[in-house]
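Hello,

Here is the structure I promised to pass on.

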Amino acid sequence: MSSTVASPMSAVASSSSGRRSTSFALELQSMMFSLGDARRPLHETAILVEDIVHTQLINLLQQAAEVSQMRGARVISAEDLLFLMRKDKKKLRRLLKYMFFRDYKSKIVKGIEEDDILEDKFNSNNTNKRQKLAQDFLNSIDQTGELLAMFEDDEIDDVKQERMERAERQTRAMDSVQYAEFCESRQLSFSKKASKFRDWLDCSSMEIKPNAVAMEILAYLAYETVAQLVDLALLVKQDMIPKAGDPFSHAISATFIQYHNSTEPHLLGQSASVKTSLDSPENTPPPTPTPPASAGQQHLGKTPSGALGNGGIGQDSTKSKQRKRKKSTAACGMEAQSDAIQPSHIREAIRRYGHKIGPLSPFTSAYRRNGMTFLAC
């Protein structure tokens, strides 16, 4: 596997430069909401997530095509993707469970009783199609028995457990309308739009095309990549919250500061002049000069002549109220968008995930291409 020394976002920049005709941005916003983002995720963040997922899947398809060529196959099949994922036991175990439940669902649709399904789970004569395919292939490459042991492993997935707990906390304050929207968002997946997903990956232009089971796995890996991006971005967002008494709270990544200062005001539709606080002296208008009042007028409590006219106190109070309304509206908009995952959070999450640590770090990941570590496998 080749490894280039590039920035973590270089591949995403090249992918976003040539805009695709097919886009999953709207679907990704709903997926991100169901995975823990705000109710209205930012469109810019969804575009960035789409570019990252697309780049990673294209690279994964290229490597799977190379594996398929080495074994003399004409199509990219599930075996090629399983071979690429063989080193990450947790994610491979998660994929095997997904393949089993895909067969489980298809048999339920056909009307087979649940008892028969559980009996046939590990039956070699009448086992599930996808499960048997994975079991036979892993048996052919497994020399220690640790890969086949995953079929009988019922270990709790900590990542899935954390996502379910986060979803439970997220739905506590929802009303019926919000909860219905949340449930609808949780049902979205790339596999439910198979033709659009195939066009999105531009499979028609590939010499070695993926078969149906491989496309199911790719759709699953695409969703898992989105979920992992949201997981990492939420951790970054939590780290960026200043904590009282934390001596390292000021130690924020330079990459986050760069993208946050250069990107976020533009994404929020603000000008560069609104970077400082609203209460700072720079944003405070100078007081309106008023003519000095005479002693008699001060004694009688009267206003000078013309004060209520053009440019007087009445107009000044109206202008100040309008300025306060504009400031409160902008503050409400910023507060609503501050709850959502920002593009800078995604970039910082990618930087942290692909950061090399230690003298042997170049050899720790077998899937490092275009400077970006694979998230799905």
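How many aromatic pairs does a search of the whole structure find? The search gives nine aromatic pairs, where rings of Phe, Tyr and Trp (its six-membered ring) pair if their centres lie within 6.5 Å, and planes under 30 degrees apart count as stacked, over 60 as edge-to-face and the rest as tilted.

Before the details, a word on the source: this is a predicted model, in which local features need pLDDT of at least 70 and side-chain atom pairs count only at pLDDT 80 or more, while totals for chains, interfaces and linings use all residues. Residues are numbered from 1 along each chain as its sequence is written, and side-chain values use heavy atoms, with hydrogens and water left out.

One of the pairs is Phe 24 with Trp 200, edge-to-face at 5.3 Å centre to centre and with 80° between the planes. Phe 24 sits in the loop between α1 (10-17) and α2 (25-34), and Trp 200 in helix α10 (residues 194-201), so the pair links distant parts of the chain, 176 residues apart; helices here are DSSP runs (H or I, at least four residues), numbered from the N terminus. Phe 24 is buried at 1% relative accessibility, and Trp 200 is buried at 2% (buried means under 20% relative accessible area, exposed over 50%, partly exposed in between, with a 1.4 Å probe and protein chains only).

Phe 33 and Phe 182 also form an edge-to-face pair, with 5.6 Å centre to centre and 85° between the planes. Because Phe 33 belongs to helix α2 and Phe 182 to helix α9 (residues 176-186), this pair ties together parts 149 residues apart in sequence. Phe 33 is buried, at 4% relative accessible area, and Phe 182 is buried at 3%.

Ring pairs also join Phe 24, Phe 190, Phe 197 and Trp 200 into a cluster. The charged end of Lys 196 sits over the ring of Phe 24, 4.6 Å from its centre. Likewise, the charged end of Arg 86 sits over the ring of Phe 83, 3.9 Å from its centre (this requires NZ of Lys or CZ of Arg within 6 Å of the ring centre and within 35 degrees of the ring normal).

Lastly, a helix pair: α5 (residues 89-109) and α7 (residues 129-141) pack at an angle of about 150°, with their axes 7 Å apart (axes are lines fitted to C-alpha atoms, for helices over the stretch in contact, and angles run from 0 to 180 degrees between N-to-C directions).

Best wishes

Definitions and conventions. Helices (H or I, at least four residues) and strands (E, at least two) are DSSP runs, numbered from the N terminus.
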